[in-house]
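I am keeping these entries as a record of what I looked up, in the order I looked.

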Amino acid sequence: MGDLVTKESPLFGIVWINPQRLSGAPCFYGTRVPVQNLFDYLRAGRTVEVFTDDFPGVTATQVRAVLDLAEARLLHPGRAA
């Protein structure tokens, strides 16, 4: 089974989800770093810069895209992201 994020998804190229990789946890594209790690870091008061330093396979562009998509879905749920 392959990636569940299709080319039509706003997540494409940012996040990948594969049931055979890390039990299907959403990970930053091209890495095995779960997106949950980003939110755990932010919740703990760490910065995006610390996160990208600790997980060098994840780019600041990917992090911004995930945060932008989360914001759009939360604050503007009826709009397409």
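I started with Asp 3, which counts as partly exposed at 31% relative accessibility. The model is a predicted one, and I read every value below as computed from that model.

Which residue forms a salt bridge with Asp 3? I found Arg 21, with the closest N and O atoms 3.9 Å apart. The cut-off is a side-chain nitrogen within 4 Å of a carboxyl oxygen, so the pair at 3.9 Å counts. The two ends belong to distant parts of the chain: Asp 3 is in the segment before β1, Arg 21 is in the loop between β1 and β2, and they are 18 residues apart.

**Arg 21**

I then stayed with Arg 21. Is Arg 21 buried or exposed? Its relative accessible area is 12%, so it is buried, the limit being under 20%. The loop that holds Arg 21 runs between β1 (15–16) and β2 (27–28).

I listed its contacts, leaving aside neighbours within four places in sequence, and got Asp 3, Trp 16, Thr 31 and Arg 32. Two of these names come back in other searches. Asp 3 is the salt-bridge partner, and Trp 16 has Arg 21 over the face of its ring, at 3.7 Å from the ring centre.

**The other salt bridge**

How many salt bridges does a search of the whole structure find? The search returns 2. Besides the pair of Arg 21 and Asp 3, I noted Asp 40 and Arg 43, whose side chains meet at 3.2 Å, N to O. Side chains of opposite charge can pair when their charged atoms come close.

Asp 40 and Arg 43 both sit in helix α1, and because they are 3 residues apart there, about one helical turn separates them. For accessibility I noted 35% for Asp 40, which is partly exposed, and 63% for Arg 43, which is exposed.

**Aromatic rings**

I searched the whole structure for aromatic pairs and got 5. I wrote down the geometry of two of them.

The rings of Tyr 41 and Phe 55 have centres 5.6 Å apart and planes at 65 degrees, so I logged the pair as edge-to-face. This pair also joins distant parts of the chain, 14 residues apart: Tyr 41 is in helix α1 (residues 35–43), and Phe 55 is in the loop between α2 (48–54) and α3 (60–75). For Phe 51 and Phe 55 the centres are 4.9 Å apart and the planes are at 40 degrees, so this pair is tilted.

On burial, Tyr 41 has a relative accessible area of 14% and is buried. Phe 51 and Phe 55 are buried too. Which residues do the ring pairs link into a cluster? They are Phe 28, Tyr 41, Phe 51 and Phe 55.

I also checked for charges over rings. Arg 46 lies over the face of Tyr 41, at 4.7 Å from the ring centre. Tyr 41 therefore has an entry both in the edge-to-face pair with Phe 55 and under Arg 46.

**Helix α3**

Next I took α3. It has 16 residues and reaches 22 Å from its first C-alpha to its last, close to the 22 Å expected at 1.5 Å a residue.

Which residues of α3 are buried? I got Gln 62, Val 63, Ala 65, Val 66 and Leu 69. These cover an arc of only 165 degrees around the axis, so they are on the same side of α3. They pack against β1, β2, α1 and α2. On the other side of the helix, Thr 61, Leu 74 and Leu 75 are exposed.

Last, I looked at backbone angles. Most residues other than glycine have a negative phi. Leu 22 has a positive value, near 50 degrees, and Ser 23 has a positive value as well, near 55 degrees.

Where is Leu 22? It is in the loop between β1 and β2, and Ser 23 is found in that loop too. Arg 21 was already placed in this loop.

Conventions
Residues numbered from 1 in each chain as written. Predicted model: local features only at pLDDT ≥ 70, side-chain atom pairs only at ≥ 80, totals over all residues. Heavy atoms only, no water. Phe/Tyr/Trp six-rings, centres within 6.5 Å; stacked < 30°, edge-to-face > 60°. Helix = DSSP H or I, 4+ residues; strand = E, 2+ residues; numbered from the N terminus. Buried < 20%, exposed > 50% of the residue type's maximum accessible area, 1.4 Å probe, protein only. Lys NZ or Arg CZ within 6 Å of the ring centre and 35° of its normal. Contact = heavy atoms within 4.5 Å. Expected span 1.5 Å × (residues − 1). Arc of directions from axis to C-beta.
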